Amino acid sequence: MPKKILLIHCAENSKRALSRMQQLGITLPPEIQTIEIPCNGRVGTEALLEHLGNGFDGVLVAACHKQNCRHLDGNLRAEKRVAGIKQLLTGASISGKFVDIVFTGPGEGRGLQQKIKAFINQVNKDGI
Amino acid sequence: MITARQKPINEIIDLLPDSGSLLVVGCNTCVTICLAGGEKEVNVLCSLVKMSDKFTGRVRGVSVERQCDNEFLEELEEDAAAHDVILSMACGVGVQMMSDYFKGRIVLPALNTLFMGSNEEAGYWLERCLGCGDCILDRTGGICPRTRCSKGLMNGPCGGSQNGMCEVDLENLDCGWNLIYNRLKELNMLSRMMEIQPPRDWSTSHDGGPRKLTREDVKL
């Protein structure tokens, strides 16, 4: 059974990178669901863990490159929270659940595709 | 307010039984403000416990206005009766109150209670009061030497104060008595510095068992 993955992306650079992927004819694998939020600064520990608890095997946050956040530091806040969640998952010895953050620019359709692919591989490889 | 910090998640998971039903109870007062045991933290902890490999039972999370008050524990009676173990995300007072109120239930602490302090900036809390039972803030410009001086000196500063910082941590810790000096100077009350304070009377502090406060005028 394919692993369920949630991709959370902001309405700025990462949304444009996803649009760029579409322009290049690249489609997301069917096991990936996406959620758009105004800025990744809104990514919260509570919500991410709820998604993981409600059936997703992995949650990937796609954020703007560092120093390129339209809202100044939303990507950095998200990075801290993702790091915190990783620590919590490790501390609680929770296996088979993954969370990560990747950074992208608006024109990096292929780059984002590679990063998403690497995350899917990690979830499928380590989450057996 | 009372500040607290969540215990490491592995310690909390280790406290739990392997199965059964667990009620996680948050407190909407002090520990919500210091981001340790409010509604959000309850939801985070519930998610982690549900996903953990160790605990396989049922988990429910709720929050009450104050766990240190029986009046607010009444609303938990139904939930408490339906669960085997209660994990309290309140300060030590709340945990003990829950333990007293729900006598047939095991009540476990999820937090380490720290101190009475203030929220200075985002993510930074500072101890302000020891609760010593004998306030001398009138003599020290509103800054507590027992709390703010690393050595709790009644007459300071000591010789370890350097450029306004305490020798215990020259980079991050203000000298409490330097703060008092500056405040008294602003208030034109520097003569207070020359008054010798007598040794501290610790009988009003944590001495002779738990302290009690009684008010005959409000007793029913």
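**Exercise 1.** Is A:H9 buried or exposed?

*Solution.* This is a predicted model in which local features need pLDDT of at least 70 and side-chain atom pairs count only at pLDDT 80 or more, while totals for chains, interfaces and linings use all residues. Residues are numbered from 1 along each chain as its sequence is written, chains are lettered from A and ligands numbered from 1 in the order in which they are written, and side-chain values use heavy atoms, leaving out hydrogens and water.

Step 1. Locate the residue: A:H9 is found in strand β1 (residues 5-10) of chain A. Helices (H or I, at least four residues) and strands (E, at least two) are DSSP runs, numbered from the N terminus.

Step 2. A:H9 has a relative accessible area of 6%. Buried means under 20% relative accessible area, exposed over 50%, and partly exposed in between (1.4 Å probe, protein chains only). A:H9 is therefore buried.

Step 3. Leaving aside neighbours within four places in sequence, A:H9 is in contact (heavy atoms within 4.5 Å) with residues including A:S14, A:T34, A:N40 and A:A62.

**Exercise 2.** Identify the buried residues of helix α8 of chain B and state where they lie around the axis.

*Solution.* Step 1. In α8 (residues 176-186) of chain B, the buried residues are B:G176, B:W177, B:I180 and B:L184.

Step 2. These residues lie on the same side of α8(B), because they cover an arc of only 90° around the axis. The arc is that of the directions from the helix axis to the C-beta atoms.

Step 3. The buried residues of α8(B) pack against α7 (145-148) of chain B.

Step 4. Just after α8(B), B:N188 takes a positive phi of about 55°.
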